[in-house]
Amino acid sequence: MKKKVMALICVAGIGVFLSSCRSSSTLPSYSFETECLGVELDGSQTLQVWGKGRNRADAIEQAKKNAVRDVLFNGIRAGSGECNVRPLITEVNAQEKYESYFNGFFKDRGPYRKFVNMKDTKANSAVRADDRTQTLYGITVRVLRSELKQRLINDGILKP
């Protein structure tokens, strides 16, 4: 009986040792939350955003979509306190209620692109993190909040 207990302890100890040698994650420890970097005098918000994709271009386009989506539905809470914490759309379940509108708005090369630009991006400022299946990029973008709000009013999503 003692031999069986000792063998189990030995096997368990080897398992713990081997599992501690493995890397738990290949992605560096970044905060992947959209972060406010500042607000311009025209009301646009400069943000650090993240996007995942199978390559660099896909990840950057996803980051742009994430920036607009966060301004619309979540508000910007991280980073500088200058950005508007309150989202443009405060209606509960608005994304589901206007699903067909937002599916068209956020499609690839969709209208969302008119409200996000990379004017504030500096050379080599993109942060890249890879795992085995996807590429993750952090980029600096400017979201044209007042123009986006006007578009939603014109399209009947927001009330003036």
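A residue counts as buried when its relative accessible area is under 20%, as exposed when over 50%, and as partly exposed in between (1.4 Å probe, protein chains only). By this criterion, R145, L148 and L152 of helix 5 are buried. Seen down the axis of helix 5, these buried residues fall within an arc of 65°, so they line one face of the helix; the arc is that of the directions from the helix axis to the C-beta atoms.

The model is predicted: local features need pLDDT of at least 70, side-chain atom pairs count only at pLDDT 80 or more, and totals for chains, interfaces and linings use all residues. Residues are numbered from 1 along each chain as its sequence is written, and side-chain values use heavy atoms, without hydrogens and water.

Helices (H or I, at least four residues) and strands (E, at least two) are DSSP runs, numbered from the N terminus. Contact means heavy atoms within 4.5 Å. The elements that cover the buried residues of helix 5 include the following.

| Element | Residues |
|---|---|
| Strand 2 | 45-53 |
| Helix 4 | 99-105 |
| Strand 6 | 135-143 |

Helix 2 also belongs to this cover. Helix 2 (residues 56-74) packs against helix 5 (residues 145-154) at an angle of about 65°, and their axes are 12 Å apart. Axes are lines fitted to C-alpha atoms, for helices over the stretch in contact, and angles run from 0 to 180 degrees between N-to-C directions. In this pairing, V68, V71 and L72 of helix 2 meet R145, L148 and L152 of helix 5.
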